[in-house]
Amino acid sequence: MRKFKLENNVNIQIIKSDKFKTDHIAVRYVLDLSAKKASARSLLAMMLTNRTAKYPTNKELTNYLDMNYGINVFMNTYSLGGGHLLDVRTSAISDLYIENDSLNKQLDLIDEVVFNPLVDSEGLFDDELFEEAKMILLSKITRRNDDPATYAMDKACKLFGKGSLFSVSVLGSEEQVQALTKEMVKDAYYDMLHKARVDVTIISSLPEDEVESCVRKHKFAYETSDNVGIFYDYKINDAVSEEETRRIDQTSLILGWYSGIKPIDDEYYALKLANIIIGGDSTSFMFQEIREKNSLCYNVYSSVFSIDGFMVAYAGISYENKDKTAKMMRDIIEEVKKGEIDEQLETAKLLYCNSLLTQYDSASGMLNFEYQQNILGLHRNLDEVIDRISAVTKEQVIDVVNRLTYLGEFTLKEVNDNE
Amino acid sequence: MNNTYNEKIMYKTLSNGLHVILVNKKGYTKSHALFMTPFGAMKNKLVSENGDVLTFKSGLAHFLEHKMFEADNGGDVMDEFSKIGVSANAYTSYNETCYYFTTSYDIEKPLNILLDFVQELTITEESVEKEKGIIVQELRMYKQMADMRFVQEIFASMYEEHPLKDDVGGDEDSVNSVTVDDLYDCYRINYHPQNMTLVIVSGEDSEKILKIIEGNQDLKNFPDVVKVSDYDYKEPTTVKREHYEFKMDINQKRYGIGYKLNGIVDPKVRFKKDISLKMLMEMYFSSSNTLVQEWLDERIINDSFVYDSEYGRDYGFIIFASETDKEDVLKDKLDKAINELINGELDEAVFESIKRRLIGSNIRLMNRFEDFAMALAKARNIGVDFFESIELLKDISLKDLEEVRKDIDLSNVCDVILSEL
């Protein structure tokens, strides 16, 4: 593995591996998350990989990718705690299997997508492309709302994170998307190439020297910033309880807690293990108690938002069982605090380590693990992380569960046609 | 060893009839094991050797999948996997039921657990009753997912008798009527080793894995296999409902159309025609064509536009679905486009680019243990070797596409509209 910086401070990481059939590049731009700018950045990501100046229609770009045995190019946006991640990914069949000059084609494609967008002489994006992307972004927002479980989780995050960045959606709201102008997207594009922290990770079967020499011919951004923060302050409010009704077949119940623990803290792995014990696996207390013993649901889980420090628990139930299920969830947290979790903790450690090892055996898992270490400034390898997980004690798990502050519950209630 | 793709594969049929496929992936830590029976929701009727029709309740294959995880002490097999840090799961589709695990630890223990729990059913009346509540909630979860429900309604419009008309999990009534005896009967007929395939894609040595499997299987005795054959559903060529509308609590209307086609009995012919039809669909409805872009420009569809086609032994279909407010316009456009697909000129350059994309996609699939194992098992089920299928794909010509479209009859068509409440 090799790490270095380009002159413009873009961080480069090269991983040599010949076990995959494909070579991969991930270029990550991180900016401060902002409710005002979120929609413009999501729109930008959709436009950059749809067509370019060299490939001015989606058909032309698709034909180029297809003729090269299906080079993949995607750009997605995610929240990364208080950061907004614009994530460009490419992959192509390795030269080991098809003579394709895979690495250079991907680097050139990233140049094309990032530096050669379909804009006019004033740098404003093509009209048709802009209007189409706006329509699609609006559809994505509507679609999220049409799915009851996703809608409920979005609402719960807004409720629990009120007043903080946890409540910000990277897609933005319908009103924000409607109000977008081409100038706003031009600004977002400028920010991406001038104000972001930029990390590039490459997995290739080629020797590292050769990859480095290819990469150094590219710049990925004009300027970069090291002042992008992904952690943010959160003020805990009084616990809340909200309920909405829809004509659906199942009630979504979501409870929330705040831990205040960040992935750079020593207690982080204890929090992740606590989550597995509480509701992160089929052996967890929530799965066993709520689904297996009481047959109240099919889907029940708890989950940690790693960078934000929140934990949520979800169950898809009949509304008549709402109070019973919510009480069970809260009781389980109290039960874990009592500390009779020796067996569960050992299981959780094995499961967590297995999941990390398994993920690292895929290109996307490897890219994600390495990026997380880089952006957090931890630079731990997989063995170090596994050692830290294995060393977590029962007392540490109890301590983090005691630090969970209950934030409240959100219910999306089912109403049948008969009601 | 398959030299073209550097994959080391071993095929073996054990003395009890179990088909084993082992892939040794050099440089990897993890292992993925998939244990498959070709019994899915589509086989709710089978024919015994003496000609009797064996009928299974709708959703029974899926119910059985749930109950397979019950351990002989009444516990849960998932616990046994979790205790050794292994993630395991299962799913039921129309064509098969699969049990699988992924581990980066030694494969011996989880492999023995997998073989043992799938090869023995131990259930009680009490545990079957308890499972009903869980499955009913699962059905409700899927029922309120608009896109899944919508596609299901297109199939329900197309088919009168064929099990594709039903949800894989059945409905609440069929689930609530399941008995212990139903499950045992179903298990006895469909889970004999002779009917099943075990695929393992692993960084571990294949010889070592084979010894574990043989060691496990040598200790077990199985009754004689119950010989059954596929049931021929009396499915009319016409669709059940030409037009159907329903409402859900959603914000965006959806329109879908389904063309009912005849099935193809011969598996090799079917495989080639299935790929040929899929390529035709890609040529017309992917971004390789300007058609979809034009519909986007005219705001007739959005990014939700999907299309699919499939030939089975006793069924075939082409379907389209999209969110839209302009269902009449979309219907007209789709009608013209599909007729163009049947009668229009085929562009050789587009054909070549799509062929390359699909070849690339098959090579990529070998990176993903889960998908690779599934592709190997499915290929075995239909009697076509996975690597042979890539060569078949390479050999497909425009003439094959011409051939497949000659047989397509578009007269059996239905459409479905999902509107806001």
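The following legends describe close-up views of a predicted model.

**View 1. The largest nonpolar core and its Phe372(B).** This core (buried Ala, Val, Leu, Ile, Met, Phe, Trp, Tyr and Cys residues joined through side-chain atoms within 4.5 Å; buried means under 20% relative accessible area with a 1.4 Å probe, protein chains only) has 131 residues. Phe285(B), Trp295(B), Phe320(B), Phe372(B) and Phe386(B) have the most contacts inside it. Beyond four places in sequence, Phe372(B) touches (heavy atoms within 4.5 Å) residues including Glu7(B), Val201(B) and Phe387(B). A second, separate core holds 57 residues, among them Ala45(A) and Ile141(A).

**View 2. The two domains of chain A.** The assignment, which is automatic or from a database, gives domain 1 (2–215) and domain 2 (240–414). Their centres, taken over C-alpha atoms, are separated by 29 Å. The contact takes 31 residues from domain 1 and 34 residues from domain 2. Together the domains bury about 2900 Å² (accessible area lost on being put together, 1.4 Å probe, summed over both), with 69% of it on carbon and sulfur atoms.

**View 3. Salt bridges between domain 1 and domain 2 of chain A.** There are 2 salt bridges between these domains (a side-chain nitrogen of Lys or Arg within 4 Å of a carboxyl oxygen of Asp or Glu). Lys155(A) forms a salt bridge with Glu244(A), with the closest N and O atoms 3.0 Å apart.

Residues are numbered from 1 along each chain as its sequence is written, and chains are lettered from A in the order in which they are written. Local features need pLDDT of at least 70, side-chain atom pairs count only at pLDDT 80 or more, and totals for chains, interfaces and linings use all residues, while side-chain values use heavy atoms, leaving out hydrogens and water.

Terms used: Buried < 20%, exposed > 50% of the residue type's maximum accessible area, 1.4 Å probe, protein only. Buried area = accessible area lost by both parts, 1.4 Å probe.
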